[in-house]
Amino acid sequence: MSFGVIGSPRADGNTAAAVDDLLAGMTEHGWTTASAVVQPQQIGPVGDCAACVRRGACTIEDGFGTLMEQVFAADTIVLGTPLYWYGASAQLKALLDRWSCLLDLDEQAFRARMRGKRTVLLVAQGERGFYEAAPCLQQLEWTARYLEIEVAGRVVVVGHARDDYRRDTAQRERVRAAGSAVAAGRAADVQPPWFHLRHTPGKPLGGIYPPG
């Protein structure tokens, strides 16, 4: 099973659409997939870890536990985020920060439940310069490797306005193909050799892959 985490405030934005396409590629190989949009109010920020350790359980009452049950049940996790200031969104970062709570409460148990999973890191950005997504990908990759999660793919899509990605057929086909590759046990990196190009906010980018 594959579970997609959509760390975006837009349930119908570019990140969500790209995660959906990636999962659709996996279903072509018979995989069961599911996804969830991480809402700002669903996962609170890290609090006083010492208090949680004394209690033996997390003192923050929110949707983190429910979301983590879906993460634990999955063989492959898609971590999807829009690119904000060269990093992940606050929603996705809150989820990852709370993983520290589980390490503090019972590191060996948490590691055992995460070890051996695979992940695909998906970043949706508004610019065409690939280097802008690199710090975010590195942070997510190091987090995964710390927990002994295999990084099965890195996917970067471009879309400034809400529907830019949805209208870009070439991007969508490549992302679905990446999902299919992951389901087949192969690596799936979608990292074209982009260069920084100026754009007008709100104006369609016209596709990121040049003809030919």
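A salt bridge is defined here as a side-chain nitrogen of Lys or Arg within 4 Å of a carboxyl oxygen of Asp or Glu. The structure is a predicted model, in which local features need pLDDT of at least 70 and side-chain atom pairs count only at pLDDT 80 or more, whereas totals for chains, interfaces and linings use all residues. Residues are numbered from 1 along each chain as its sequence is written, and side-chain values use heavy atoms, with hydrogens and water left out.

A search of the whole structure identified 13 salt bridges. One of them is formed by the side chains of Arg154 and Asp189, with an N to O distance of 3.1 Å. This pair links distant parts of the chain, 35 residues apart: Arg154 belongs to strand β5 (residues 150-158) and Asp189 to strand β6 (residues 188-190). Helices (H or I, at least four residues) and strands (E, at least two) are DSSP runs, numbered from the N terminus. Salt bridges with shared partners join Arg154 and Asp189 with Glu141 and Arg145 in one network. Residues are classed as buried under 20% relative accessible area, as exposed over 50%, and as partly exposed in between (1.4 Å probe, protein chains only). Arg154 therefore counts as buried, at 17% relative accessibility, while Asp189, at 44%, is partly exposed.

A salt bridge also joins the side chains of Asp62 and Arg98 (2.8 Å, N to O). Here, the loop between α2 (49-55) and α3 (64-73), which holds Asp62, is linked to helix α4, which holds Arg98, across 36 residues. Arg98 is buried because its relative accessible area is 1%, whereas Asp62 is partly exposed at 28%.

On the surface, Tyr84, Trp85 and Tyr86 form a nonpolar patch with about 460 Å² of accessible area together. Patches consist of residues with over 30% relative accessible area and no salt bridge, like charges being joined within 9 Å and nonpolar side chains (Val, Leu, Ile, Met, Phe, Trp, Tyr) within 5 Å. Accessible areas come from the Shrake-Rupley method with a 1.4 Å probe, and for residues only the protein chains shown count as cover. Tyr84 is located in the loop between β3 (76-82) and α4 (90-114) and, at 38% relative accessibility, counts as partly exposed.
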